[in-house]
Structure formats: C-alpha cells, structure tokens
Amino acid sequence: MRTTSLLRAIGFYVALALLCLFAVFPAVWMVITAFKQNIDLYDPNNNPFLFNLPPTLSNITFLFTQTNFPVFLWNSFFIGVVVVAITLVLAVPAAYSLARLMGHWGEHSSIAIFLVYLIPPTLLFIPLYEIVTLLGTANTVWSLILVYPTITVPFCTWLLLSFFRSIPREVEEAALTDGWSRIGVFFRVALPLALPGITTCIVFAFALSLSDYIYAAVFVSATASRTVSAGVPTELIRGDIYYWQALMAATAIVGLPLAVIYGLLFNWLVRGFQIELRSRAG
Amino acid sequence: MTNDSALGAARKRKEKPALGTSIGIADRDAVVGAIMLAPAVIYVAALVAMPFFLAIALSLSNATVGDPGIHHFVGLANFISVVHETAFAFALRNSIIITAATLVFLTILTVLQVELLARDFRGKRFVHILLILPWAMPVALAAVGWLWLLDSEFSPIDWILRAVGLLGPGTVLGPANNLYYLGREWLGISAVVAINVWRTLPLSTIIVLAGRTAIPNELFEQAALDGAGYFRVLFRITLPALGILLTVAILFTVLIIFGDMTVVALTTRGGPGYTTEILPYWAYLKGIQGGALSQGAAIALFLFPVLLAASVLALRLAYRREGA
Amino acid sequence: MAVLEVRGLAKHFGDFKALKGIDLTTREGEFLTIVGPSGCGKTTLMRVIAGLETPSAGDVLLDGRIITPLPPRARNIAMVFQSYALYPHMSVADNIAFPLEARGVAKAERERLVRWAAGLFHIEALLHRRPARLSGGEKQKVALARAVVRNPSLFIFDEPLSSLDAQVRAVARAELRQLHNRTGVTTVYVTHDQIEAVGLGDRVAVMQAGMLRQIGAPQALYLEPANTFVAGFIGTPPMNLLARGDTIIGFRPEDALPRAAAPHLEGVATFQIHITRSEFLGSEWLAYGTIKGAFENAAVLCKLRQETIDKVKVGEVQDFVVPVSRLRFFDKATGLRTAPMPV
C-alpha cells in the first residue's frame, strides 16, 4: 500500500515537472539569450545555457533606445485597454439580454454566437482591409481598435451568456419585487454576480487583442502605429539579420509580467468558465 | 415591546407611491432587452456578417489590391484556379494534418494537466504562473522565440542532442551537426504542431479544469469505495463528466489553429517549397502580398465549411450527451 | 392593511394552461394559505400576483385598484421565495437594506430600519455575514427581515419552509405566524403541505389543475369538503371515499368505530370491514382494511383509540359504525358535494 502511494506521489511530481518544463523551456531560452553577448551566443560549441562570457544588459538598452519597442508597447497597451472597454460595453448587456430578456430563443442562442466566433480572421481580413481603407483608418491604431472586437465580442458574449444564465432567476426576481427596475437588477445584482465571468472576459479580450498578428500586420504598416506583435518581428528581423537577443528580450518583457498576472488570476479564469454558481447562491 | 412600537412607527411612515407612478420602458423586459442587445448585433452585422458576405462576393470577382471593386463576376473561376495550384494540395493537407495532430496531443496533455491541477499541492500558484506562460506571450513573439529555439545552427536542443551523443557524425540522428527543424518537410510540420500544442495548452486546461472542478466529489468517493482503479475512474467518470467542456476546449483550439497563420508565417513561412504551407497563410500570401484579393478570399473560404462541419458536429454531440 | 383580489385570472404557457380562471379575494389582514399538489398552478398564481408573470386574462387588484399592468417594483408586494433568493454578493445587512435603497430611503434611516427588522428575528449578530455562511433557518430569517423591512401592503410566501429540516421547520412556522400577528399585513402563503396550510392559515384555498377547488376556514374544509378532491387532500390520513353507484360516500378515519366498542350508539350507518393490519401511532392506532358489501372491496382506514383497538380482531370481517351526521356525499361524475341520502 505504502509503496504504491509513494510511486503515485513520484509520478505526480514527475509529470508536473515535465509539463512545467515544456511550458517554460522556450521562455528560459529566451531569457538566457536576452542577456548574452554576441560572441558567446554565436559559438555552437559553447554550452548555450551558461554564460560563458558575463551577461550584458546592452541588448535591453538597445531595445529601448535604438528601436521603436517602447512605441509598440504603448500602442499594444492602448489598443488592449480600449478594446477591452468596447468589448465589455457591447458584450455584457448583449449577453444579459439574451440570457434573461429575449425569451427562449435568447437563452439558446449560444450555438449561434459560437458560429460567429467560428469565422476566423483569415476569412475576414481581406474584406475588413477594404472596410478600414474605406473608413480612412488604415495605418492607424484605430483600424485595429475597430476590428478586434470582431474576435472578442462573440467570445465574451458566449461566455457571459452562460454565466448570466447560471445566476438563479429567483435572486433577480427577488430584486424586482424588492422595488428595483430591470436596469437596477442588471447593475446591482446580475453584474456583481457575473464578476468572475467579466474578469475572464477582460483578460481574454486583452490577450486576444495583444496576440493578434494578421490584422496588425496587414492593416498597419506605419511604424508609429504598430503593435508589439507586428512591430517587433518587422523591426528586429531585417532581411536575413535577426537581432536575436533583442527579439528574445522583447518577448520576455511582454510575456513574463503577463504570465504572472494571468497566473495569479488563474482560478478566476477557471471560474469564468464554470457554468455553475452552486454554493454561492443564497 | 420596543420592537412593536418601532413597527408601528414604520407603518406610519408614508410609503411614497412614486415607484408606482413612473412606469416607463425600463419596466418592459422586451424593450430593455432589445436596447441592450442592439449595439452588439449592429457591430457584428457590420464587421462580421457584412465582411463575411463581402468575402464570398470577392471570391466570385476578379478584385485585386490595385482595383478592389467587385465589378466583375467571374463565378467559381478563382476557386478552380487555386485548386489547380500545387500549393493548394499542400496547404489543405497540412492544415488538416497540423490541426488533427495538435488536437490529439493537446487532448492528452490537457486531460493529464487537468488531472494534476485538480489536486491540491504546495506552490500551486507558482505552477499556475509557469503553466500559463505560453498563453501570456503574444503568439507572434512566441513564434519568433521558437524560431530561435529551433535555429538551424544554434538550437540548444541540437546542442543537448550532441552533448548526449545522439547527433553529429557517426550517431543515430545523422552525420550533420544540426537537425534543421524548419528546413525539412515533416520536421517542420512537427515543429508547427509542437508550437501549437505549447501555446494552446494553457487555454484548454483552463476550460477543462472548470468542468473538472464542477464534478461533485461524491462521484469520486463512490468510485473509490467501489474499488475502481485510477484509469477506470478517469475513463468512466472524469472524461464523460467533462463531456461538454472538453468539446468546447477542443473546438476553441480547432478554431485557433485551423484559422490562424501566425505560427507558420513567422517560423517555416510555408517552406521549404510549399511543404509546410497552410490555407490561412497561403490566403495571406496570395491576397495581400500577391495582391490577388479575390483569390485570397477564395482560399480563405475553403476554411469555412470545414470549421462549420466540425463545430456543428461537436456541439451536437456534446449537447446530446448533456440531454441524455 | 390591504385586500388582494384576483379576478378571472388565467395564465397559459403555450398549450399548457397553468391557471384556468381564478377568482379569489382575501380579507383585510388575513393569513391565507394556498395549497395544492405540485403543478397545480399555485406558484404561477403567486408570480402573477407579484408581477413576475403577465396573466393571459384577468386582473389583480390591491385595495380595489387594478395593478395588473404594474411592474413588480410598483406593487409594494414583498415575496419570500422558496430558495430565499438572498443576494449572495451582499452582507445580511445589505440584503435587508436593498429594498429600502430601491425606494431612496436615506442611509441613516436605512440603518435604523435594518436594525429594527433584524431585531424582529434576532439576527443582529449575523448582519455582517454573507448568505453563503448562514444555515437554512438563518437564511429564512434574513429573507423575512428583508420582506418586512419596507412595510409592504402584502406578503407572499412561496413554500418558505420546504427547504428546512423538520425540527427547524416547526420553529420557523411559529415565527411566521408570529410575524403576521404582529404586523397584521395581509399574507398569502403557498405550500404543497396540507398540514402546514391547515395549521397556519386563517383560511385555506385548495387548488388543483389550475383551478380553485375550495376556500374556507381550515375546520370548514376538513368537516365540509366541497368535493372529493378536497376531501381526499385535506387530513392525514384523508377521508375514506367509497363509491356506490353514482354516489361517493365519505367519512373521516376517526369517525368509524367497531360496533363492539359502541353497541348502543344510534343514528349510525353500519359498514362491514375486513381489517388486515394495524399500526401503532402512539396516542392512537391506524387500522387498515377493505370494505365489504356494495363498495367493491374499497380500501379504508380507521383511526382508533387505545381502548377501542382491543375490540378489533385483525383478519376478521367486523361491523363498524359511523354516525350518519358524519357521512358526506359526493356525485361520482362531478366529484361535487350532494345532499345526504340514506345509506
């Protein structure tokens, strides 16, 4: 008995360690690279995981002073925040409306919403390119702000629809008989109870807008308006010349802080997908 | 007694009839519902539905970047011409293979990872941070990171293989000092699959874990009392109970992988030749880089029926199981 | 104190007719219980009265004023739900204050009223807790405090005791009735439990299949059921109903006596009963049997006291007597009460 449970414990930690290694291995390599000197990096006989020459900050200095990386960072951040705001303004009321106010078909519209989410950017980017050109927003951050909600709104509506549906109907009805209007019930009861879902939506909307490459690469060619996703590869890959250390530094600088934030929100994200509120209901 | 006198006082307090008098649209659910729903519907209609039909129209025209109007209806000419290109067969094949292979590995790793995370252990928050890392990196930058990780000359994986004597002259993996991951057809496809699994694993884990933690513990306790072994519990209880969320997680991944070109665009670039070409990237190359908007749209449209069929099938299966 | 009136109320959900024309008027300050088997439409009736459902036909009146088109918030009706429907994201104090907030009551006044309402139910110590950390009985008290705090014209209770366990239930029942006695607010109380309905209500309304079957004082319903449904629904065990020709004859289990225990009793009807089994209930016995003669071996139940059970021999056919004044007669086709007839 004891040996089996010991074996199980070992198996558990080995499996966990392997999965963690798989997840972080590329990141470890990125971080090491970011601090390496050229001569150290480009010697295939050196142990790539060690600093055969002292680590240097020059790659990071280069990234922030000689490239447009700070501009890209700001653009990505700005676009992300605005897209999150637009997404919430569109998706939260729509999801509530479908879950509670539009009757039977509203409650069962999640498959239809999913089908909207299913239309991939690859299919839309050519016509959308024509639309943003027509609107005169091509080459500005506004073209991306305009189109990113096409990815985020269906997803967030779908997620929040099931979230609102999981709120016990009686709780909202109690508020109605307690003297609140439907709008009051929405803001004072439904919204606070959907907070895990809304948090998940915020994180997803931000992550999706940050991660997009197609729209960012196609719609914006002006360096001043580029995002991290599209700007860093174009700026730091010049023809055949790859500024590997700076590229890795840029990736790590964006990815690691976000990993910490998302990681700490991990349980909230999971709860965002949890369709049952179960014990939380009064 | 004091309570009762307080009650009397409360009763004397006149309840204002203000509530009863101002009855407006805010009290009509259907009207409120329509107003709340309208902005999202209008937005989706304008920027998803309209472009979608525009894409169909484009694919039936001869529009180019220089002349983007949809004036000339050319029927299925674009579809016929792209189907006959060499790249098409490669792109279709690779899109399907890459998606399918990613799904297989992803499903296995997701279930494993979910089973591990469903338990309590020390340092779980730290593990969360490590495991979510691939998803926190913008895909394009992560792809560049992998490009460097799989570099033809300086790949640290090659270095490890050389160090343990598996790679290099006179070893199992061949005389060359490097494997050239992105320079060979099947290694390139495998690399793309690995990157896809790597970056979508956190997302599918989150979704499936939501379903896993919702399974009531009594089920597991009952199974333990019945003497069911680990794998029996996994296949008889855990997996069936995950049903719908596992399907959703897989669907999400299909959508992301099948419809996205980022990884290929930044790593193999479809090469060598067309051997790792995929439909979305080829649509981009043709439509935007090559300027043939109509042909790009036609290629991109090939994606849609596959996605539609996969989703409808999976969702129907999932909901049927729910209903039963 | 308000009078609630319901006129010709009907509610259809597609083809399903949940309410088929209900007419009902409460008395001022009355505690009216509505009882019926599940699916009889009683909860739908409450939801229509509260304004959560729009009726297909008919009207709801409060103090003679038609309130049918008003939204729930404009009706000043407090509803206590079966699940209590507390707001999970608010403390107990905020839960109780929530209806006051909707009415724009000032903060200081709100706090005073919350303390007062909490005091009524002795839950002052719980004011800072979240609902998830309350027991079932505590939740009920919070729900009651939330209902009472805004001084409503009418209380509606929708099976508020059904999620409590038996011990807490008795206490909670007393609490409810006490609340009503103190506030005097007209109360409509829905339950599927006829013991609860009979025990709590000033009057009881019995519903079945979307219709009101009878309304009256508990004793009246028990002694003078208007139809076989009420006769069979009210009372534990229910009235014995025996079909004979076009008529159904009914008597309460406690009204039957073995002839041997009352040899000289007059003005009685005699039934031959084959007693098959008896159960000891503590203060009395329950005898199970089948009735002979013109009654097609119908099953009957008799409630007997300790001194009479000795006269009963299990396994034998015996004569039982029921005072003629205790017999009730119903039409077999309609189920409605008819005039007495010779047995």
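A: Two residues are in contact if their C-beta atoms, placed from the backbone, lie within 7 Å. By that rule, the contact between chains A and B takes 82 residues from chain A and 79 residues from chain B. The side of chain A that touches chain B has 66 nonpolar, 13 polar and three charged residues. Nonpolar here covers Ala, Val, Leu, Ile, Met, Phe, Trp, Tyr, Cys and Pro; charged covers Asp, Glu, Lys and Arg; the others, Gly among them, are polar.

The model is predicted: local features need pLDDT of at least 70, side-chain atom pairs count only at pLDDT 80 or more, and totals for chains, interfaces and linings use all residues. Residues are numbered from 1 along each chain as its sequence is written, while chains are lettered from A and ligands numbered from 1 in the order in which they are written.

Now chain B itself. It has 14 helices and zero strands. Both are DSSP runs numbered from the N terminus (helices H or I, at least four residues; strands E, at least two). From that terminus on, chain B reads α-α-α-α-α-α-α-α-α-α-α-α-α-α.

Of its 324 residues, 43% count as buried. Buried means 20 or more other C-beta atoms within 10 Å of a residue's own; exposed means 12 or fewer; partly exposed lies in between. Helix α10 of chain B (residues 217-225) has nine residues and zero buried, so it lies largely in the open. B:Gly227 follows α10(B), with a positive phi near 80 degrees.

Contacts in chain B reach along the sequence. Among those between residues at least 6 apart, 68% join residues at least 24 apart.

Chain B is divided into domain 1 (1-59) and domain 2 (76-323); such bounds come from an automatic or database domain assignment. Four residues of domain 1 contact eight residues of domain 2 in chain B. The domain 1 side has three nonpolar, one polar and no charged residues.

Beyond chain B, look at chain C. An open sheet there has four strands in the order β11-β12-β18-β19, with antiparallel pairing (at least two DSSP bridges between strands). In chain C, β11 (240-244) and β19 (337-338) stand at the edges with a single partner strand each, so one side of each is left without a neighbour in the sheet. Five bridges join β11(C) to the antiparallel β12 (residues 247-251) of chain C. C:Asn240 has C:Phe251 of β12(C) as its bridge partner.
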